[in-house]
Amino acid sequence: MVVFTVVSDVHGEAEALRGADAGGDVFVCLGDLILYLDYDDPGHGIYADLFGEAHARAYIEARTDGRFEDARELSAAAWAARGIIDPLDRRAAMESHIRRQYAQMFAAMPQPALMTYGNVDLPPMWEDFRQPGHRIVDAEVVEVHGLRVGFVGGGLVSPMRTPYELDLDAYAEKVAALGPVDVLFTHIPPRRAELTYDVVARRFESGSQALLDYVEEHQPRYHLFGHVHQPLQRRMRIGRTECINVGHFNARKVPYVLSVDTKEPRG
Ligand SMILES: [Mn+2]
């Protein structure tokens, strides 16, 4: 038996992250470490730090309504109001806030940990902040107590324009690189409405057809993912595969715990 403790969508929740590996054998983080906007508490996050809470509220409202053009205009106005006009200066200001968050997140991240990227992550920056016990795995299979455990990080292109979004082909290539596994860990779910619909945001989030095809073909025992903060269903069965959303760690503050029998034969 091996016990996985799994977090996803940590979004700045450093305090609860510290010690989140307690009681498990293997700690797994499925990404989204950064908090740009806090939909539950608009006073938190990089946008509020940069532009104030009122701006963060208006920006969240525009995005929630699907008014992405309005949201971009709000941002442009907020930068201008701060006197930061040059795109390079904007980038530098944003980057210093992101780096400050990453420093906190990686300091709190348990070690050892197996980690993959979310769509709200900047992969190149992880290299600057990872600690010796942080193993970053993406489009890769790791052997854990005799189990084949696969990882695919990142999200898919979306109107939200989050920082790590892949086109469908690039994502499918990463999935295809795995081959059969016992346990699959990804940031985004397979493309099934029950798993991708967010009942609070009232919209479909990204789900991957390539992941759904993979699960149907290879039938891993478990597929764990995050990304959809308030899903219509937290779990569902696809053939023999138990598909589980591990939950929005920023809100729940406890990891998902999965015990896997290591003696059961594969498939
Ligand atoms: Mn996400």
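Student: Hi! What kind of model is this?

Tutor: It is a predicted model.

Student: Okay, let's start with the sheet. How many strands does the open sheet have, and in what order?

Tutor: The open sheet has 6 strands, in the order S5-S6-S9-S12-S14-S13, and the pairing is mixed.

Student: Which strands stand at the edges?

Tutor: Strand S5 (140–144) and strand S13 (235–238) do. Each has a single partner strand, so one side of each has no neighbour in the sheet.

Student: And what is the average twist from one strand to the next?

Tutor: The twist averages 20°.

Student: What about S9? In what sense does S6 pair with it?

Tutor: Strand S6 (residues 147–152) and S9 pair in the parallel sense, with 4 bridges. Within that pairing, Val152 has Thr186 of S9 as its bridge partner.

Student: How many bridges join S9 to S12?

Tutor: There are 3 bridges between S9 and strand S12 (residues 222–225), and these two strands run parallel. Leu184 stands opposite His223 in S12.

Student: Are the faces of S9 covered or open?

Tutor: Both faces of strand S9 (residues 183–186) are covered. Val183 and Phe185 are on one side, Leu184 and Thr186 are on the other, and all of these are buried.

Student: Is the crossing of H3 and H4 left-handed or right-handed?

Tutor: The crossing of H3 and H4 is left-handed.

Student: Which residues meet there?

Tutor: From H3 there are His55, Ala58, Tyr59, Ala62 and Arg63, and they meet Phe68, Asp70, Ala71, Leu74, Ser75 and Ala78 in H4. The residues of this contact of H3 with H4 divide into 7 nonpolar, 2 polar and 2 charged.

Student: And H7 with H9, how do they cross?

Tutor: The axes of helix H7 (residues 168–176) and helix H9 (residues 209–218) come within 9 Å and cross at roughly 25°. H7 and H9 are therefore roughly parallel to each other, and their crossing is right-handed.

Student: Which residues of H7 meet H9?

Tutor: Tyr171, Ala172 and Val175 in H7 meet Ala210, Leu211 and Tyr214 in H9. By class, the contact of H7 with H9 has 6 nonpolar residues, with no polar and no charged ones.

Student: Last topic! Where does Pro255 lie?

Tutor: Pro255 is in the loop between helix H10 (249–252) and strand S15 (256–260).

Student: Is Pro255 buried or exposed?

Tutor: Pro255 is buried, because 25 other C-beta atoms lie within 10 Å, and a residue counts as buried at 20 or more.

Student: What does Pro255 touch?

Tutor: Leaving out residues up to four places away in sequence, Pro255 touches Thr5, Val6, Val7 and Ala20. As for Arg82, its C-alpha atom is separated from that of Pro255 by 39 Å, and the two residues are 173 residues apart along the chain.

Note on methods:
Residues are numbered from 1 along each chain as its sequence is written. This is a predicted model: local features need pLDDT of at least 70, side-chain atom pairs count only at pLDDT 80 or more; totals for chains, interfaces and linings use all residues. A crossing is left-handed if the near helix is turned anticlockwise from the far one by less than a right angle, and right-handed if clockwise. Two residues are in contact if their C-beta atoms, placed from the backbone, lie within 7 Å. Ala, Val, Leu, Ile, Met, Phe, Trp, Tyr, Cys and Pro count as nonpolar, Asp, Glu, Lys and Arg as charged, and the others, Gly among them, as polar. Two strands pair if DSSP finds at least two bridges between them. Axes are lines fitted to C-alpha atoms, for helices over the stretch in contact, and angles run from 0 to 180 degrees between N-to-C directions. Angles under 35 degrees count as roughly parallel, over 145 as roughly antiparallel, 65 to 115 as roughly perpendicular and the rest as oblique. A residue is buried if 20 or more other C-beta atoms lie within 10 Å of its own, exposed if 12 or fewer, and partly exposed in between; C-beta atoms are placed from the backbone.
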